[in-house]
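Visitor: Could you walk me through this one? I would like to hear about the sheets and then about the ligands.
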Amino acid sequence: MPQTFTYEFDTPVYKGKSSFPTGLFINGQFVDGIDGGTIDVINPTNGKLLTKVSEGSSKDVDFAVECAQKAFDTVWGLNCPGSERGRLMYKLADLLEQHADEVAAVEALNVGKAFSWAKGADIAGTISVIRYYAGFADKISGKTIETSIDKISYTIHEPLGVVGQIVPWNFPLMMLSWKFGPAIAAGNCIVLKPSEFTPLSALLLAQLSVEAGFPPGVINIVTGYGSTVGEAISNHMHIEKVAFTGSTLVGRKIMTAAARSNVKDVTLELGGKSPNIVFDDCDIDQAVSWAIHGIYFNHGQACSASSRIYVHAKIYDDFLNKFTEKAKNLKTGDPFAADTYQGPLVSEQQFKASVLELVCGSVLKHDKQRVMGYIESGKEAGATVHLGGVRWGNEGYFVEPTIFTEAKHDMRIVQEEIFGPVAIVVKFEDDEDVIRQANDTVYGLAAAVFSKNIDRALRTAQKLRAGSLWINCANQVHANIPFGGFKQSGIGRELGEYALEHYTGIKAIHINLGHKI
Ligand SMILES: NC(=O)C1=CN([C@@H]2O[C@H](COP(=O)(O)OP(=O)(O)OC[C@H]3O[C@@H](n4cnc5c(N)ncnc54)[C@H](O)[C@@H]3O)[C@@H](O)[C@H]2O)C=CC1
Ligand code: BAL
């Protein structure tokens, strides 16, 4: 029998209790992993053990896929009207809303993000995404296609079957919803792996899904490590599609596994190094505020973080002064204090200087930089630490909001994803040259442009190679608007109607009205 995690929150912003099982959620029940191990879940605010969750294995993935397939063949997929799928999804969204404070508190505790952001961004975003796709559940249809007088043709958009979903730790519930929403609305059953660092909110959602009334086997959550559960999902012969959000390194592994196994469909939402171009004719105070949000939201742990800020020489000093002043005043500390803007990074792994990336468990592939490592590399390469650049406090994984200036284009801090509260501010003079610099990375996830001159803003936006383009704003996502990247930032789109295309297969029906052979 799996253990239960019970936590009494007695904080300035939330008082209440949360309690849910910490097992794998398979076929509508919480169960222990077949091999019986557990994973420690650490509180990033103090580095101490919060709880343990069951450690899944490839055998548990096999069992989850079997249960999911059975549900798909009997009570879900084509056997369940879209209106009923939508009803259950709306019910789940309502339950999340009723429990919003509790869910936000669990997310804040496990991830280290401020409770106010967890509630206002993560949980509110999750609810709106589930509602958005619930509305689509009974509106997914094909079309008739004209060919000739003796033929009727039409298409059916069918669910794929069992789909795998691998979720990261930066927005655990929100990234779950981006995958869960379109998959379930379209009639698929899911086998989902949360990050081993942040599994708690997914388990709480699993508990709420029982109350919502989802049939057993439709939603399966297998907690575990990437190298076991994640690989088992991407290699599985009966999983028809895998959706992944995380590092480009793991994205490559997933594509390889998908190709080697059953050529499953793959969508990947990977890294970014998004440029933010601030022209001299912008509203400077607004540009500063958005730039702050662009890079420091979620402590910079966002693939769409506007981490490279290019500022026109004419306003560079003014912008930098204002930006620095605001960054200095972002309150770092306890996620449950009312005025906290940023808490700790999610884990010791993300905080520390470098992580040894192992291939096949033993061969050293490379020494991967993490946030403090990137800060050190920026200093060593000769960039100027204009603000921060150090740990905050003595425990947990806090990093002070940091600004680098005088960075050269080829430095690692300018080219690689840091995934922490680290802004690189660069001066530019020429519009064409800044577009060239902005595009000169392996990533193409997002970009922002600030100008009151609409021609200049749109001309620049046209030339930037990015999946999301923000004009006079930054780091914005919306349930209705597709999100995803060009280049090595990924494949496919999540959110919006576009995401549904990745969860349906198109069947073409030809009806012969008399053509003889
Ligand atoms: N695009 C995004 O939103 C995210 C990007 N990242 C980037 O990745 C960097 C490293 O963070 P990590 O936590 O190490 O990311 P990661 O890519 O290792 O982890 C993301 C998810 O993939 C799983 N995973 C790991 N190895 C796997 C494998 N071989 N097969 C299948 N699934 C696997 C993990 O268990 C987790 O659920 C970050 O510094 C950041 O640059 C990380 C998280 C989210
Ligand atoms: N990974 C999608 C949202 C973000 O990280 O910005």
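Visitor: Let's take the sheet with β7 in it: what is the strand order, and how do the strands pair?

Guide: Bear in mind that this is a predicted model. The sheet is an open one of 3 strands, ordered β7-β8-β26, and its pairing is antiparallel.

Visitor: Which strands sit at the edges there?

Guide: The edge strands are β7, residues 144-145, and β26, residues 504-512, and each of them pairs on one side only. Strand β8, which spans residues 151-159, runs antiparallel to β26 and is joined to it by 9 bridges.

Visitor: And what does His157 face across that pairing?

Guide: Opposite His157 stands Ile506, a residue of β26.

Visitor: OK, now the sheet that has β18 in it. How many strands does it have, and in what order?

Guide: That open sheet has 7 strands, running β18-β19-β20-β15-β14-β22-β23, and here the pairing is mixed. At its edges stand β18 (384-387) and β23 (468-471), and each has a single partner strand, so one side of each is left without a neighbour in the sheet. On average, neighbouring strands of this sheet are turned by 25° against each other, with direction ignored.

Visitor: How does β18 pair with β19?

Guide: The two pair in the antiparallel sense over 3 bridges, with β19 covering residues 402-405. Within this pairing, Val385 stands opposite Phe404 of β19.

Visitor: Switching to ligands: how many residues surround ligand 1, and which are the closest?

Guide: Ligand 1 is surrounded by 28 residues, of which the closest are Trp169, Lys193, Glu196, Ser247 and Glu417. By class, the shell divides into 11 nonpolar, 9 polar and 8 charged residues. Domain 1 (4-270 + 491-506) and domain 2 (275-478) each contribute at least three residues to the shell.

Visitor: What polar atoms does Glu417 place by the ligand, and at what distance?

Guide: A polar side-chain atom of Glu417 lies 2.6 Å from an oxygen atom of ligand 1.

Visitor: How much of its accessible area does the protein cover?

Guide: On its own ligand 1 has 810 Å² of accessible area, and the protein covers 93% of this. The elements that give two or more residues to its shell are α7 (226-235), β12 (241-245), α8 (248-260) and α11 (348-351).

Visitor: And ligand 2, which residues are around it?

Guide: Around ligand 2 are Asn170, Phe171, Met175, Trp178, Thr245, Glu269, Ala302, Cys303, Ser304 and Phe483.

Visitor: Which atom of ligand 2 does the side chain of Glu269 approach?

Guide: An N or O atom in the side chain of Glu269 is 2.7 Å from a nitrogen atom of ligand 2. On the oxygen side, a backbone N or O atom of Cys303 lies 2.8 Å from an oxygen atom of the ligand, and a polar side-chain atom of Ser304 lies 2.5 Å from an oxygen atom of ligand 2. Ligand 2 exposes 220 Å² when taken alone, and the protein buries 96% of that area.

Technical notes: Residues are numbered from 1 along each chain as its sequence is written. Chains are lettered from A and ligands numbered from 1 in the order in which they are written. This is a predicted model: local features need pLDDT of at least 70, side-chain atom pairs count only at pLDDT 80 or more; totals for chains, interfaces and linings use all residues. Side-chain values use heavy atoms; hydrogens and water are left out. A residue is near a molecule or strand if one of its heavy atoms lies within 4 Å of it. A polar contact is a pair of N or O atoms within 3.5 Å; within protein, one must be able to donate a hydrogen and the other to accept it, and residues adjacent in sequence count only if both atoms are side-chain atoms. Accessible areas come from the Shrake-Rupley method with a 1.4 Å probe; for residues, only the protein chains shown count as cover. Helices (H or I, at least four residues) and strands (E, at least two) are DSSP runs, numbered from the N terminus. Ala, Val, Leu, Ile, Met, Phe, Trp, Tyr, Cys and Pro count as nonpolar, Asp, Glu, Lys and Arg as charged, and the others, Gly among them, as polar. Domain bounds come from an automatic or database domain assignment. Two strands pair if DSSP finds at least two bridges between them. Axes are lines fitted to C-alpha atoms, for helices over the stretch in contact, and angles run from 0 to 180 degrees between N-to-C directions.
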